[in-house]
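Keep the 3D view open as you read.

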Amino acid sequence: MSEFDAIVVGGGPAGTSAAMRLAANKLNVLLVEKADPPGSKNVSGGVLWGNSLAGVMPDWEKTAPLERYVKSKGVGFLTKDSSIDINFRSSKFSETKTGYTVLRTKLDQFLNKKAKDAGATVVTGVTVDKLAFEGKKVIGVEQDGDIITSDAVILAEGANPRVAIDSGIRPPLKDQDVAIGVKEVIKLPEKTINERFNLREKEGFAGEYVLGFLEGGVEAGGFLYTNKDSISLGVVVSMKHLRENNQTHSYDIIEQFKEHPSIAPLLDEGKVDEYSAHMVQEGGLESIPKLYGNGYMITGDAAGFSFSNGLVLQGMNYAIASGIAAADTLVEAKSGSGISEQAFSKYEEKLLNSFVLRDMHTFKGIEELTWGSLIHQKMPSILEKVMLGVLMEDGEPKKHMSQIVKEALKESGLKSSKLLLEGYKMYRRM
Amino acid sequence: MKIEDRLSLLNYKIDKSYAHITVKPDICEVCPDHFCTFACPAKCYTLMEGKLNFKYEDCVECGTCIVACSHGSVDWNNSKGAHGVKYKYG
């Protein structure tokens, strides 16, 4: 007889959602989180996209600590001197709130409290070392030499899944699986943020940028999100490309982003209040390990569930949805045929029928394009040349746009046949 | 803003009796790239007169170095007893 029906390792969005769902189904669940307070070791950009939390908390939009809803979404290409931006604003975003900026320490504390309220036993400040096995069956977790037993373990330990790796159920992470996320939270008065970003109360801005100007040709994406009275700004740097470069410090790249002529004025008078960093899952479908086995399931970032297509960067909604799917699978197994690897294969089925794995399949191979020299080096400079060619008035006879584009392409060294091919690939994969 | 000044904004509960990350000096000594010194966002890995110096106290537990080190020098474990970095916002 196990001490618990389920042990959930990790109190982020995946783990707390799983715990809430299990507790709501009257299962005896232990949620173990290494940080105290919960959330104090977690980092996210972060925008929480979608409505997945409604699965465990129908009133989450009224009760959760949310900063602002995304009213305005930006995508920009930055060169040394210029920025070429698309800014999409829509009142449709006010009717259906599609994303909220959040600060994880606040959000995760709230989610852990909700898991506790739902009936889960929540333990914080305790680190699980590895899974406990009996043969190939997981029978609980090991912590400082002690074994706590459970019928099943749901791993929700985040982007650096030590328990899964050290227990031999997940391969170690490789360069292509991850990127380095570096972030600052910059304090600014609420009114100043509203004025600078053309927002009203509760309205927010979320911007993603291709940083085509970094020293040494490092490939990185930038993000800038507005909170109530602060800005979350950061960079996501490709591990693979930083290694190839091997002369730029990851912590300097964010400073280059902040100093960009189109970003710096947004931060004027702002005071850096926190610096943070975390690995980010970026590997797409190729990075996803075996998701379940006899007595365990892997959820959220620990399973490599994240999505990036250059326009958005998402993870938390995948974490929540996978946590709920794992909980439902366990509930069904317990009330049905019992716990087995076969019973837990339903977890993968559920994910394949939901956006979690569907998105990963639909956008298979996109990381090859979003992390490529076309997007990071050539596109920004081509766009800059075209815009300057069209907009600058220098007293010379004007040229047709097609001529300007042709010249910009020629200067970039990019053959138009290659551009067409890459453009087509991108069009197909996006 | 210098990285040292940014790190000084952070709260840590330092575990004096347990280093959650350790490196193997004999591997680092002959390392051809020292990529860890560029990858680590908390400047825990530095070169002093060509010799690698590692301090775990400033670590923000991001997990970067375990992937960055391709030579098998880094042993990475989760911090214990709620020690380590404590973010206000995250």
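Let's start with Val163(A), which sits in helix H5 (residues 162-166) of chain A; helices here are DSSP runs of H or I with at least four residues, strands are E runs of at least two, and both are numbered from the N terminus. This is a predicted model, so local features need pLDDT of at least 70 and side-chain atom pairs count only at pLDDT 80 or more, while totals for chains, interfaces and linings use all residues. Residues are numbered from 1 along each chain as its sequence is written, chains are lettered from A and ligands numbered from 1 in the order in which they are written, and side-chain values use heavy atoms, with hydrogens and water left out.

With a relative accessibility of 2%, Val163(A) counts as buried (buried is under 20% relative accessible area, exposed is over 50%, and partly exposed is in between, using a 1.4 Å probe and protein chains only). Leaving aside neighbours within four places in sequence, Val163(A) is in contact with Val9(A), Val128(A), Asp129(A), Lys130(A), Leu131(A), Leu155(A) and Glu157(A); contact means heavy atoms within 4.5 Å. Ala302(A) is 139 residues away from Val163(A) in sequence, yet their C-alpha atoms are 9.5 Å apart in space.

Now move to Thr101(A), in strand S6 (residues 99-101) of chain A. Thr101(A) is buried as well, at 1% relative accessibility. Beyond the neighbours within four places in sequence, its contacts include Gly46(A), Val47(A), Leu66(A), Arg68(A) and Tyr225(A).

**Rings**

For the rule, rings of Phe, Tyr and Trp (its six-membered ring) pair if their centres lie within 6.5 Å; planes under 30 degrees apart are stacked, over 60 edge-to-face, and the rest tilted. Both partners are tucked away: Phe223(A) is buried at 6% relative accessibility, and Tyr225(A) is buried at 3%. Over all chains, the structure holds eight aromatic pairs.

Lys97(A) lies over the face of Tyr69(A), 4.7 Å from the ring centre, and the charged end of Lys290(A) sits over the ring of Tyr292(A), 4.7 Å from its centre. The test asks for NZ of Lys or CZ of Arg within 6 Å of the ring centre and within 35 degrees of the ring normal.

**Salt bridges**

Side chains of opposite charge can pair when their charged atoms come close.

| Salt bridge | N to O distance |
|---|---|
| Glu203(A) and Lys71(A) | 3.9 Å |
| Glu184(A) and Lys258(A) | 2.5 Å |
| Lys187(A) and Asp229(A) | 3.6 Å |
| Asp129(A) and Lys80(B) | 2.7 Å |

What about the bridge between Glu203(A) and Lys71(A): which parts of the chain does the pair link? Glu203(A) is in strand S12 (residues 203-211) and Lys71(A) in strand S4 (residues 68-78) of chain A, 132 residues apart. Both residues are buried.

Glu184(A) belongs to strand S11 of chain A and Lys258(A) to helix H8, so their bridge ties together parts 74 residues apart in sequence. Glu184(A) is buried at 0% relative accessibility, and Lys258(A) is buried at 13%. These two also join Glu255(A) and Arg6(B) in a network of salt bridges.

Lys187(A) is in strand S11 of chain A too, while Asp229(A) is in the loop between strand S13 (220-226) and strand S14 (230-238), so this pair ties together parts 42 residues apart in sequence. Lys187(A) is partly exposed at 28% relative accessible area, and Asp229(A) is partly exposed at 33% relative accessibility.

**Where chain A meets chain B**

At this interface, 46 residues of chain A are in contact with 37 residues of chain B. The two chains bury about 3,800 Å² between them, 53% of it on carbon and sulfur atoms; buried area is the accessible area (1.4 Å probe) that two parts lose on being put together, summed over both. Lys41(A), Tyr251(A) and Tyr275(A) supply 18% of the area that chain A buries against chain B, more than any other three residues. Five salt bridges run between chain A and chain B.

Methods
A salt bridge is a side-chain nitrogen of Lys or Arg within 4 Å of a carboxyl oxygen of Asp or Glu.
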